[in-house]
Amino acid sequence: MRVCVAVSGGKDSIALLHYMVHNGPGYGIKVSAINCDHGIRGEASRQDSEFVRSFCQAAHVPLLFFAHDGTFASEEEARLWRRDCYLEAAREHTLEDGTRWVPADAIATGHHMSDNAETVIFNIARGSGLSGACGITDGEITGPDRTSIKLIRPLIEATRREIDEYIRQFGLPYVTDNTNLMDYYTRNKIRLYVIPELERAVPNAQRSLFRFSRIVKETEDYFENIIRRDGLVSKVYGGLLIKPVEEEAIFSRCCLKVFSYYKIKDYTSLHIKSLFKLMHGANGKRFRFLRLVAFKEERGIAVCEAGRISPYGEAPLAEVTDGVFVGEPFSLNPVPQDAVQTICAGDMSLGASFCPGKKTLFLDADKIPAGAVVRFKKDGDVFERFGGNTKKLGDYFTDIKLPQRLRERVPMLCSGSKVLAVGGIEIAESLKITPDSRNVLAISCVDYLQS
């Protein structure tokens, strides 16, 4: 196993790297290091990174180094940059000195028991749910290209005092980040004032908080297994679906998974209660909150990004090329004349050959009025159903039970207010093909009724 130690130069990371170098081989672990210079502290950051370079060189530890050349707009942006650096440790490439970097299996960080106590106290004080009381745990990060790497915390059961003793015992050099001593950061206040007072009032409080956080983690894992086992949260077209859940405790954890997926952090318990109320409301009801919108559907609650719900505009049919139309898959393909008879006989299996995985509709292109466009739903639209009567488009969507979250994002072929084809669902009676049809088009897109 290859473990890459995240090293800042401080006591915790230096102690961890030293321990891994001297004890890792006995467990079949090959050790490397990574240093991420955020540049936030200017010259001091650069000097810390130089210290790490020298320490790793003396210890014969391969080092992967990153330096950010700008400024971060937020802590979240800095975190994402560091995440990308960690993911690089999982990829094979060449280092600055021309040597080959062998992919690591895990990133080891120097988080310890005192860090865990700070995190638990901080999250509880902010009013987090039980998930916030889990503290610092092992995990995994995954990049957009599916590259992933494990995060492990070998020192999580060691206190800051024990790490200080380890540094003293081996005479290890280290650097000090002076910002850790400034009390205008909330976490620093907890570290400098709250925890020492808590330890004086309740001896071994940090160990007790650690045991508490692990009990909470077991509880959260239990609920997570229920959600995964029963498929309570799943992807649907345009968002995530929470299946009907009667137990509010389980439902709230489903909501947390959805918030995490959309990277929503400023939610409150009131948002979860509103969603739980929506779960028991009538189909078609919706709830807009933060930058999301939730729809009550027959299958549960679908949660989507609010920005994806509004109409996108339109394009003349002649300008719609095979591929993508304004963010939605909408493929147009001519049908060979020798296939028309097969389609007229009711054999629709040809659809898969035009766009695998999508639903294909066939229509007579010669019957399409001049000036037809591809667009989304508008007020006043009407649709002449295939083999049926003409209805307002909204009434038609209600009849076929099309979820509300999809009604404004289904691409349609239209002429004025007349809908000629509803992508992935149905064509109008006026465009149906016959054995005499000479110019047949295949329109392929998502099967919205199954999404």
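These legends go with a set of close-up views of a predicted model.

**View 1. Three strands make an open sheet, ordered β17-β25-β18.** The pairing here is antiparallel. β17 (331-335) and β18 (359-364) sit at the edges with a single partner strand each, so one side of each is left without a neighbour in the sheet. From one strand to the next, the twist averages 25°.

**View 2. Zooming in on β17 and β25, we see an antiparallel pair.** The two strands are joined by 5 bridges, with β25 covering residues 440-445. For a handy landmark, look at L332: its bridge partner in β25 is I443.

**View 3. Helix α10 packs its buried residues against β17, β18 and β25.** The helix spans residues 337-344, and its buried residues are A339, V340 and I343. Looking down the axis of α10, you'd find these buried residues within an arc of 120°, so they line one face of the helix.

**View 4. Another open sheet has 5 strands, in the order β9-β10-β13-β12-β11.** Its pairing is antiparallel. At the edges are β9 (233-236) and β11 (286-289), each of which pairs on one side only. The twist averages 25° from one strand to the next. Inside this sheet, β12 (residues 292-297) and β13 (residues 300-305) pair in the antiparallel sense over 6 bridges. To get your bearings on that pair, find L292, which stands opposite E305 in β13.

**View 5. Helix α8 lies across the strands β9, β10, β11, β12 and β13.** The helix takes in residues 248-261. Relative to β10 (239-242), α8 runs at about 175°.

**View 6. The largest nonpolar core contains 25 residues.** I250, F251 and F259 are the ones with the most contacts inside this core. The elements giving two or more residues to the core are α7 (205-229), β10, α8, α9 (269-279), β12 and β13. Helix α8 supplies the largest share, 6 residues. A second, separate core has 23 residues, V7, M20, F55 and C56 among them. In soluble globular proteins, nonpolar side chains tend to be buried together.

**View 7. Here we go in close on F251 and its contacts.** Which residues is F251 in contact with, leaving aside its neighbours within four places in sequence? They are I242, V245, I272, L275, F276, M279 and I301. F251 also belongs to the trio with the most contacts inside the largest core, next to I250 and F259 in that list.

View 8. Is H60 buried or exposed? Its relative accessibility is 73%, so H60 counts as exposed.

Note on methods: Residues are numbered from 1 along each chain as its sequence is written. This is a predicted model: local features need pLDDT of at least 70, side-chain atom pairs count only at pLDDT 80 or more; totals for chains, interfaces and linings use all residues. Side-chain values use heavy atoms; hydrogens and water are left out. Two strands pair if DSSP finds at least two bridges between them. Helices (H or I, at least four residues) and strands (E, at least two) are DSSP runs, numbered from the N terminus. Axes are lines fitted to C-alpha atoms, for helices over the stretch in contact, and angles run from 0 to 180 degrees between N-to-C directions. Buried means under 20% relative accessible area, exposed over 50%, partly exposed in between (1.4 Å probe, protein chains only). The arc is that of the directions from the helix axis to the C-beta atoms. Contact means heavy atoms within 4.5 Å. A nonpolar core is a set of buried Ala, Val, Leu, Ile, Met, Phe, Trp, Tyr and Cys residues joined through side-chain atoms within 4.5 Å.
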